[in-house]
Amino acid sequence: MKILSKYPVLIVLFTVIVLFIFFQCKNDKHAPINQDLSVVKSEIAKTNALFEKQISELLLLVSDNAEEKTIQQKFEDLRITYKKMEWAVEYFLPNSARFINGPALPEIEMDEHTELEPEGLQVLEELFYPYTPQNKNEAVRFLKKLTNKSNTIKVNFQAISVSRDQVFDAVRQEVFRISSLGISGFDTPVSGTFLREMPYSLESVKLTLQQISTQQPQDKVLKNINTAIDSAIAVLRKNTDRDRFDYVNFIPDHLNTISSLLLEFKKQENIPDIEVTSALSKNAATFFSKNAFNPNAFVPGKEFALSDEKAALGKKLFNDNILSNSNNRSCATCHIPEKAFTDGLAKSMSLENAELHRNAPSLNYAGFQHGQFWDMRKDDLEGQSSDVISNKEEMHGDLNLILGKINRDTKYLPEFKKIYKTSKAETWQLQNVLASYIRSLAKFNSNFDEYMRGNRSAMTESQKRGFNLFVGKGQCALCHFIPLFNGTVPPNFKKTEQEVLGTAVNGDNKMFDQDLGRGKFHELVEALQHSFKTPTLRNISKTAPYMHNGGYKTLKEVMNFYNKGGGKGLGFKVENQTLSDTPLQLTDKETDEMIDFMHALDDQ
């Protein structure tokens, strides 16, 4: 300071520099933020402590033979507490979350051909609704297991560090979880209490955003988010009847609004993207934004990434007979664009004009599934293409011979060279261009999509009622997840589910279809016997006949099957059926409205 006092010019210069740095840091939203997130972890720990305490209380009630209503009320309190920390547990401890609030179905270890016993809140729900003394021992056993999982949460969150970008990403995923699994009642299929639970999930989103905001109380975006969440909660608390709730307006009016505001919050707070490839775009404002989904999250490696050039070349080959042994059949023979890339037959025909084993599945949106063919025997579209080409009944092609023809073709070879920068076409490249074309078929431009993007005239009143029935009374969204309407589980989209429906041979529903489906490849796994991939319902009106066997000629026949409770509801012996066997009690008018809604899923 003595030096500065001797040189007034330096004093002025030093002052200017200090003021410049101060105002630059104050106004620069891109300045690095080192925020203490201990308050976030502390809130999780506090919630988990209550969770553990409530498990103990419920365990005591069961042990003391309390009344059913008392046990159910305490269980509902327990579930609400979990919902308050669901955003964190599902994101940071996904393996534990599967056994805390996953489906009451065995977890399959495919490589070992084994199944793990289900446990957690959904298993307990089945024991408590209804509750009888016969369920006591099992309830005690699973409550003790749940206590161990609560301890896992405690130990892990003491050890792990969480970053601001991770917390935001986890909260954003929670909003999308609410918009898909939450709104369908996925984790309360028996009690149907999900509409009463959703406010607590939304409150946890609001609280966590407040904890990571750096601009309170001036944060206008955060205030808008809080207002939007409060508005959604007010609607939820007015109507908790799953069969009468207005899903078709609640999603665009409230949930889409909240998820859109999150992107504004992210931008304002300068929160970077998590550097992980995900199915849902980091910049998707809602599930229904154009280009919301990234097909490259489903490819086997970076070199397989989709491009317009690959898709264009794949389209040419898809329609070329060069891929078959006798040059008399192309992929388009059994996958016709006008029929949503099916063939309109109950079962496709072989090269010898004999009926094949199963119905040709639609290729629309097949790129958003982990598992191809009805039995999911191939992991990705690259494997699917080679399987079909080499199948002696379908195309009977030889990939080596086909590549020889392609590498001598003056039309195809230059395109492969240009795309892959190799001297000749290779097997994986042929598989990849065909797969790329199929990935390009997902358009997301149905009337339903337009409605969810704000065009309120895009769906008819009948279709709106049909959607409400689809999500509510019909319970279709429990397996056909919004917004893909297939079995790929949101919000991570890392797994595609298979279901055991107890499908009959045909729409008469008189004889059980004996096709083992995925079980053929896992003979020791009881849960997979007669199981099939859950396909998308997008463009479903164009893909008749239906089911893996093509035995159901119309959507009305399909709905009649579901309405009666699937195979078990029809009286078939299907011990491992995953579909509820409780009749839906849909009227003819309600069934027609649901089918009308499905027409709104047709791409334009």
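A: Helices are DSSP runs of H or I with at least four residues, strands are E runs of at least two, and both are numbered from the N terminus. The model is predicted: local features need pLDDT of at least 70, side-chain atom pairs count only at pLDDT 80 or more, and totals for chains, interfaces and linings use all residues. Residues are numbered from 1 along each chain as its sequence is written, and side-chain values use heavy atoms, without hydrogens or water.

Helix α19 itself spans residues 555-563. Its residues Leu555, Val558, Met559, Phe561 and Asn563 are buried (under 20% relative accessible area; exposed is over 50%, partly exposed in between; 1.4 Å probe, protein chains only). Just after α19 comes Gly565, whose phi is positive, at about 95°.

Elsewhere in the chain, another buried residue deserves attention. Glu497 lies in the loop that runs between helix α18 (461-471) and strand β3 (498-499). Although Glu497 is buried, this residue has no salt bridge (a side-chain nitrogen of Lys or Arg within 4 Å of a carboxyl oxygen of Asp or Glu). The nearest side chain of opposite charge belongs to Lys495, 4.9 Å away. Leaving aside residues up to four places away in sequence, Glu497 touches Pro103, Phe186, Phe481, Gly487, Val489, Lys533 and Thr534 (heavy atoms within 4.5 Å).

Technical notes
Lys and Arg count as positive and Asp and Glu as negative; His and the chain ends are not counted.
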